[in-house]
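Hi,

Here is the structure I promised to pass on.

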Amino acid sequence: MWPPLLRLQAALGSGAELVVVGGAVRDELLGRPHADWDLATKLLPRTVMDRARAAGLKVIPTGLQHGTVTVMLEDRPVEITTFRSDGDYLDGRRPESVQLGVSLEEDLSRRDFTINAMALPVGGGDLVDPFGGRADLVARTLRAVGDPLLRFAEDGLRTLRACRFAAQLGFEVEAGTLAAIPERLEVARKVAVERVLAELTKLLCGEEPERGLELLAETGLLDLWLPELRPMIGCGQNRHHRWEVWRHTLEAVRLAPVDPGLRWAALLHDAGKPGAKVMGTDGEVSFHGHEAGSLELAATVLDRLKAAHALRREVLALVRHHGTHPAGDWGDAACRRFLRRLGEDGLDLVRWGAFRLADQRAKGLDLEAREREHAAILARLEALAAAAPPLTVKALALD
Ligand code: ATP
Ligand code: MG
């Protein structure tokens, strides 16, 4: 237990029943790093504030209407929420009211998945685990607390969180929980796009993003927010590819460095292929000029999800420049023009290279030759960029 929590416990007194809850318990038991500590207590928010302040701690009333107070512990904000139960969900997003002062067990029962519904007493003592979360952690299973059809009817975000946690942790979704998702797409549709973007980004940056993406496709969630991607599934490619477009895309996402821009670009980079596919006289398919279609579809997706400007710009630049790039037979002038276009689109050469390498590897064939070729291209571009930085106005004028 993090020592500052013990001092907080002392400040609040033994009757506080101070516990760590939610993601922090799950991640501690899994031995994974976690960004924050979420705490819960029996005390009402006023009492938490008074006692913490009396002990000299800085307190911010961040969400009193939900029962939440934030306390600064060694410059880190820690949220303390009074045990609460949720009133009726009428809009598929949030409860109409919350009731404070319930038991810990009742507080845990409002949580989404069993692995997120455990509590660890700060002052020592056994794990509180009324729904078998620890056993599900061991079995690497994601299971809704209670009846999944009811839980997904209350809050549509939970369907997406199921796919996100499966991707982040590499877990299976329990059969009943999985089967409830397609039944609740109408509720899922009501989720605010900002939250959808946040969950999808976490899914893409997970340990097994391909698992999460397959779940989206299988459950129908894909068709709510990423319908443009559906035609990729089963779209066959030419002899340079081992996989059809969707499998290639899943591979590209998996192989791209863990980073929102690179992973979103990997997801969207070939979206235009199905629409550009033509059959040649030799029986080989080609996707000539698919980047324009991919770019348009990528922009449509990112705009629907209200992606921030910086993310949108980088993803679109990667999609635009993933297809046409220098090969061994390009001259220096063409390479410099290429570098200049990357610069104009605000794209970093290192990130472009990391993305291209993932895309090359995701083709699944001739890997060693592709990696060698890629290393040579990147080394040449880096040398040219170092010799004549392409970004300055002066360099533009000289060219
Ligand atoms: P992470 O912070 O790593 O994304 P987390 O599990 O901590 O994962 P949060 O969104 O921080 O997720 O939520 C904290 C806890 O609140 C969860 O572990 C869960 O117990 C509960 N929770 C969050 N969102 C929901 C929801 N939509 N429905 C029910 N319970 C939820
Ligand atoms: Mg959290």
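Let's start with a term: a residue is buried if 20 or more other C-beta atoms lie within 10 Å of its own, exposed if 12 or fewer, and partly exposed in between, with C-beta atoms placed from the backbone. P61 has 13 C-beta neighbours inside 10 Å, so P61 counts as partly exposed.

Before going on, some housekeeping. This is a predicted model, where local features need pLDDT of at least 70 and side-chain atom pairs count only at pLDDT 80 or more, while totals for chains, interfaces and linings use all residues. Residues are numbered from 1 along each chain as its sequence is written, and chains are lettered from A and ligands numbered from 1 in the order in which they are written.

**The overall picture**

The protein has 399 residues, and 40% of them are buried. Its C-alpha atoms fill a box of roughly 75 × 50 × 35 Å along the principal axes. You'll find 21 helices and 12 strands; these are DSSP runs (helices are H or I, at least four residues; strands are E, at least two), numbered from the N terminus. Two residues are in contact if their C-beta atoms, placed from the backbone, lie within 7 Å. Among contacts between residues at least 6 apart in sequence, 62% join residues at least 24 apart.

P61 sits in strand β3. A35 is 26 residues away from P61 along the chain, and their C-alpha atoms are 21 Å apart.

Strands pair if DSSP finds at least two bridges between them. β3 (residues 58-63) runs antiparallel to β4 (residues 68-73), and 4 bridges join them. One to look for is G63, whose bridge partner in β4 is T68. This hairpin has 4 residues between its strands, and G67 takes a positive phi near 85°.

β4 is also joined to β5 (residues 76-82), again antiparallel, by 6 bridges. Here T68 has T81 as its bridge partner in β5. The hairpin of β4 and β5 has 2 residues between the strands, and E74 in the turn has a positive phi of about 50°.

**The core and α7**

A nonpolar core is a set of buried Ala, Val, Leu, Ile, Met, Phe, Trp, Tyr and Cys residues joined through C-beta atoms within 7 Å. The largest one has 97 residues, and those touching the most other members are L39, C163, A166, A265, L268, A298 and V315. Helix α7 (residues 157-169) gives the most to this core, with 8 residues. Beyond its neighbours within four places in sequence, C163 is in contact with L203, G212, L215, L216 and L221.

**Helices that pack together**

Axes are lines fitted to C-alpha atoms, for helices over the stretch in contact, and angles run from 0 to 180 degrees between N-to-C directions. The axes of α7 and α10 (residues 193-204) come within 8 Å and cross at roughly 15°. That makes the two helices, α7 and α10, roughly parallel (the term covers angles under 35 degrees). Residues making this contact include L157, L160 and C163 of α7, and V196 and L203 of α10.

Helices α11 (residues 209-219) and α13 (residues 245-255) pack at about 145°, with axes 8 Å apart. There, P209, E210 and L213 in α11 meet L250, V253 and R254 in α13.

Cheers

Terms used: Parallel < 35°, antiparallel > 145°, perpendicular 65-115°, else oblique.
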